[in-house]
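This report covers strand pairing, a metal site and overall dimensions. Please consult the sequence and model shown here.

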Amino acid sequence: MKNFYDFKVDNIIGLSSKEKEFRNKELDLFDKNGFPNKREEAWKFTDLNTILSKNFTNITNDYISLKEKKFELIKEFDHNYLFVLDGKLVSNEFKFEDKNKVSIKEYDYEKQTFVRNQNSLNLLNNALASGGYSLEISKNYKFRKPLVVYNHFSESIKEQIISYKNSLILNENSEIKILNYTDTNSKNNFFVNSFDCFKLKKDSSLKNIFINKNRCNCYFHNYQKSDLEHNTTLDNYILSTGLKFNKMDIEINLNEEHAKSSVFSALSLSSDEHQEIKSSLNHNSKNCQSYQKIKNVLNDQSRGVYQGKIFVKQEAQKTDAYQLSKALLLNDNAEFDAKPELEIYADDVKCSHGSTSGSIDLDSIHYLKSRGIPEKKAYQMLINGFLSEILEKLPEDNLKKFLIEKLGR
Amino acid sequence: MLNIKNLEAKVDNKHILNGLNLDIKPGEVHAIMGPNGSGKSTLANVLSGKNGYETKGEIKYNGENLSELSTEERAQKGIFLAFQYPLEIPGVNTNVFLRTSLNSVRKARGEKELDTLNFLKIVKEKSSELGIDEKFLSRQLNVGFSGGEKKKNEILQMKILQPKLSILDETDSGLDIDALRIVADGVNSYKNKENAFLIITHYQRLLDYIKPDFIHVLSKGKIVKTGNADLGVELEKTGYANFI
Ligand SMILES: Nc1ncnc2c1ncn2[C@@H]1O[C@H](COP(=O)(O)OP(=O)(O)OP(=O)(O)O)[C@@H](O)[C@H]1O
Ligand SMILES: [Mg+2]
């Protein structure tokens with residue numbers, strides 16, 4: 001079979017020979033595997049190779065980013081921002097913050113972090129990544145306003161893969177809320193393969209929100225690797241995306257006592273959207289907490305997948321780990337798959353997991369209609385009600401209001 | 001106002017209503033009593049437009065053929081059903097629900113939708129009349145409400161929506177003595193020459209407070225006896241044995 005992709009390390013400019021060598025090795029490893037398919041545990045429900053081969057004829061990594069573009073700032077709430085075009089940091093503004101406490105640079109590939117695991121997309125990212133940013137927040141500094149990362153993609157990108165890495169370091173007792181706001185009007189198909197590396201030093205806190213501004217035809221894969229020190233908090237919020245394909249692969253390492261992490265997701269999918277969350281909450285130390293709650297509303301032929309893993313090391317006593325996924329299926333052609341996975345080596349742990357899926361309760365619809373509420377609105381109310389548990393947890397009133405409105409509720 | 005002729009209703013090929021006739025005029029209060037399983041709630045559900053019933057016969061509401069109206073249209077035109085078992089709707093705030101409901105009805109009537117302030121004024125007034133603590137209204141709709149609280153919430157909805165025909169399905173069951181009086185007062189104060197009530201109950205107690213013009217006995221899906229308020233007292237003494 002003819003390959004539907006053609007990647008070359010030489011397409012990336014300005015690499016040292018050492019870098020080139022490393023990247024070519026990674027690319028060779030990727031080529032041996034190809035894109036992930038169902039044989040791999042992490043892709044059990046999704047044959048990405050087949051999906052891509054059906055939707056692409058020849059994916060390359062030779063895109064040329066156009067020059068700086070105008071972009072529209074969110075007006076609904078005060079915020080700092082990074083503007084990232086096709087994975088490259090173009091501009092930034094931290095007007096609400098003490099600028100001495102924030103360091104923002106382009107990502108330095110000489111000092112890059114990489115993971116090599118069964119997910120071959122990580123190998124591909126190691127080989128092809130360019131652009132991206134490194135953000136570091138000083139000790140004891142707490143952001144006054146959220147940071148919005150505007151992820152924009154050019155309309156000229158077509159049949160190409162965009163790869164980049166970002167890094168975020170939160171020094172001791174620092175704090176930030178980030179909204180990752182993907183914005184593209186492109187009708188073209190392209191693939192984005194990104195890697196985020198978060199380091200949370202003692203007592204720091206990160207809230208990280210993902211949302212997509214409009215529907216588009218892109219395929220996204222993001223790997224997040226987070227390392228949490230003592231008494232840190234990391235909360236991820238994954239909201240509706242409108243992306244044709246999106247997989248968030250989240251690895252969270254609770255490395256020291258009293259680290260806490262949550263994964264919240266409220267998704268409302270329609271047409272042929274495909275959204276996956278794969279998480280590994282690794283309890284490597286005692287007295288850590290993890291909490292995952294995933295809620296999917298699936299209409300049309302959409303597809304939701306949740307693979308949630310809780311790993312508890314032998315010394316991680318007094319672990320408190322919880323995961324629950326719930327799906328509301330609005331159409332017989334929609335599908336939700338959940339696979340919880342528990343790997344527990346400690347004996348004194350509190351661990352619970354569960355998964356349910358069901359259709360909308362028609363008696364409840366009747367009740368609302370019997371109060372004069374039109375049927376469409378009644379459905380919307382029940383759907384919102386289903387997701388509200390997650391949406392209520394979003395931080396900062398103005399930001400929350402903006403997000404809830406964006407989600408059309 | 002309401003004219004039911006020869007109404008039959010089937011669910012899964014099981015006959016529940018078997019040729020029921022009933023006429024309700026504006027200003028009247030009708031009570032329906034009858035043994036468990038005789039079809040009282042089924043009648044209420046059919047009137048509210050609930051799906052799943054195969055019906056025959058005719059139901060006219062102010063001259064209109066009811067079967068041609070959707071549930072929401074019936075509500076917008078003034079039919080209100082206080083459910084025997086009000087549903088719990090997680091994630092839906094009671095106040096938001098009440099406002100959405102009232103504004104949907106107002107919109108259908110060609111009235112202006114109410115803003116939050118004006119809406120809250122109405123809710124405050126009506127809920128205090130029923131002795132409902134405002135705290136309830138910021139909770140999720142009926143979620144975790146006690147049986148009696150749910151019933152009071154139904155009457156609150158009635159008072160807010162101001163229907164023409166109110167069907168109360170065992171609203172008295174589960175109410176304590178004081179709540180029963182409050183609910184009955186609520187009904188009495190709302191009662192006027194233009195609106196009508198169909199009250200389904202098992203107990204004479206409620207009918208002591210809300211004096212019905214007619215009492216009907218429903219048995220096996222049919223009205224087998226109609227009388228005035230005295231019939232209730234009689235039934236209380238003798239049970240249904242004489243009528244079924
Ligand atoms: N969906 C259904 N499927 C099968 N049988 C049904 C269904 N709904 C109602 N029935 C049956 O129809 C009969 C009438 O039910 P209904 O709820 O109308 O009684 P009711 O008079 O309101 O009783 P109660 O006083 O106990 O409230 C019962 O025997 C009930 O089991
Ligand atoms: Mg009943």
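## Strand pairing and sheet

In this predicted model, K10(B) stands opposite E54(B) in β4(B). Strands are DSSP runs of E with at least two residues, helices are runs of H or I with at least four, and both are numbered from the N terminus. Strand β1 (residues 2-11) of chain B pairs with strand β4 (residues 54-61) of chain B through seven bridges, in the antiparallel sense; pairing requires at least two DSSP bridges between two strands.

Helix α1 (residues 40-48) of chain B packs on the sheet and touches β1, β2 and β4 of chain B, where contact means heavy atoms within 4.5 Å. The order of the four strands in this open, antiparallel sheet is β2-β1-β4-β5 (chain B).

## Magnesium site

The magnesium ion (ligand 2) has S41(B) (OG) and Q84(B) (OE1) as protein donors, 2.0 to 2.2 Å from it. Donors are N, O and S atoms within 2.8 Å of the metal (3.2 Å for Na, K and Ca); water is not among the atoms, so sites may look incomplete. S41(B) lies in helix α1 of chain B and Q84(B) in the loop between β6 (79-82) and β7 (89-93) of chain B, 43 residues apart.

Q84(B) is buried at 16% relative accessible area, while S41(B) is partly exposed at 22%. Buried means under 20%, exposed over 50% and partly exposed in between, with a 1.4 Å probe and protein chains only.

## Overall dimensions

Chain B contains nine helices and twelve strands. Its C-alpha trace spans about 55 × 40 × 35 Å along the principal axes. Of the 244 residues in chain B, 53% are buried.

## Conventions

Residues are numbered from 1 along each chain as its sequence is written, with chains lettered from A and ligands numbered from 1 in the order in which they are written. Local features need pLDDT of at least 70, side-chain atom pairs count only at pLDDT 80 or more, and totals for chains, interfaces and linings use all residues, while side-chain values use heavy atoms, leaving out hydrogens and water.

Notes: Axes are lines fitted to C-alpha atoms, for helices over the stretch in contact, and angles run from 0 to 180 degrees between N-to-C directions.
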